[in-house]
Amino acid sequence: MQKIRPGRRPAPDFAFLEADGTSRSAKDFQGKALLINLWATWCPPCVAEMPSLDRAAGLLAGEGFVVLPLSSDRGGAAQVRGFYERTAVRHLPVALDPRGAAARAFGARGLPTTVILGRDGEEVARAEGDVAWDDAEVLAMLRRLA
């Protein structure tokens with residue numbers, strides 16, 4: 001299905017920053033399914049998939065499924081907020097990975113890379129490249145994987 005490749009493996013520990021500078025980690029999401037999207041505002045395929053990722057986040061919000069876009073932009077929260085405002089993103093949090101630590105922990109080979117973690121914290125699938133996250137088949141797959 002599109003570029004999503006199922007595959008179970010242990011997930012690395014990773015950390016990121018919230019918009020206010022608070023450090024968060026995988027432990028903060030125990031018991032929830034997690035879609036981690038590694039992206040940047042300067043990445044054309046990342047920009048192309050953001051509207052569908054935002055819609056998917058809205059659709060999955062009440063199901064214990066967290067969509068976490070980790071921006072590698074060095075301009076920080078202000079740069080991401082500006083992008084969200086320009087593109088009418090409403091459901092995604094501002095989350096930052098400015099030094100690429102999470103991207104390295106997950107072994108991302110490029111952007112966008114998306115890693116899906118099941119409720120048990122294990123990686124259950126990943127995608128390299130842009131995906132239509134709000135596509136009905138993709139949403140159904142995400143729900144099954146969670």
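Q: How many disulfides does a search of the whole structure find?
A: Keep in mind that this is a predicted model. To count as a disulfide, two cysteine sulfur atoms have to sit within 2.5 Å. Cysteine 43 and cysteine 46 form such a pair, with their sulfurs 2.4 Å apart. Searching the whole structure, the count comes to one.

Q: Which hand does the link of cysteine 43 and cysteine 46 have?
A: The thing to look at here is the angle about the S-S bond, which is 75°. With that angle, the link of cysteine 43 and cysteine 46 is right-handed.

Q: Is cysteine 46 buried or exposed?
A: The cut-off for buried is under 20% relative accessible area. Cysteine 46 has a relative accessible area of 0%, so cysteine 46 is buried.

Q: Which element supplies the largest share of the largest nonpolar core?
A: That core has 33 residues, and Ile4, Tyr84 and Trp133 are among those with the most contacts inside it. Several elements each supply at least two of its residues, including strand E4 (33-39), helix H2 (76-87) and helix H1 (44-60). The largest share, six residues, comes from H1.

Q: How many residues are in the other core, the one with Phe106?
A: This core lies apart from the largest one. Ala95, Ala102 and Ala103 are among its residues, along with Phe106, and the number of residues is 14.

Technical notes
Residues numbered from 1 in each chain as written. Predicted model: local features only at pLDDT ≥ 70, side-chain atom pairs only at ≥ 80, totals over all residues. Heavy atoms only, no water. Core = buried A, V, L, I, M, F, W, Y, C linked by side-chain atoms within 4.5 Å. Buried < 20%, exposed > 50% of the residue type's maximum accessible area, 1.4 Å probe, protein only. Helix = DSSP H or I, 4+ residues; strand = E, 2+ residues; numbered from the N terminus.
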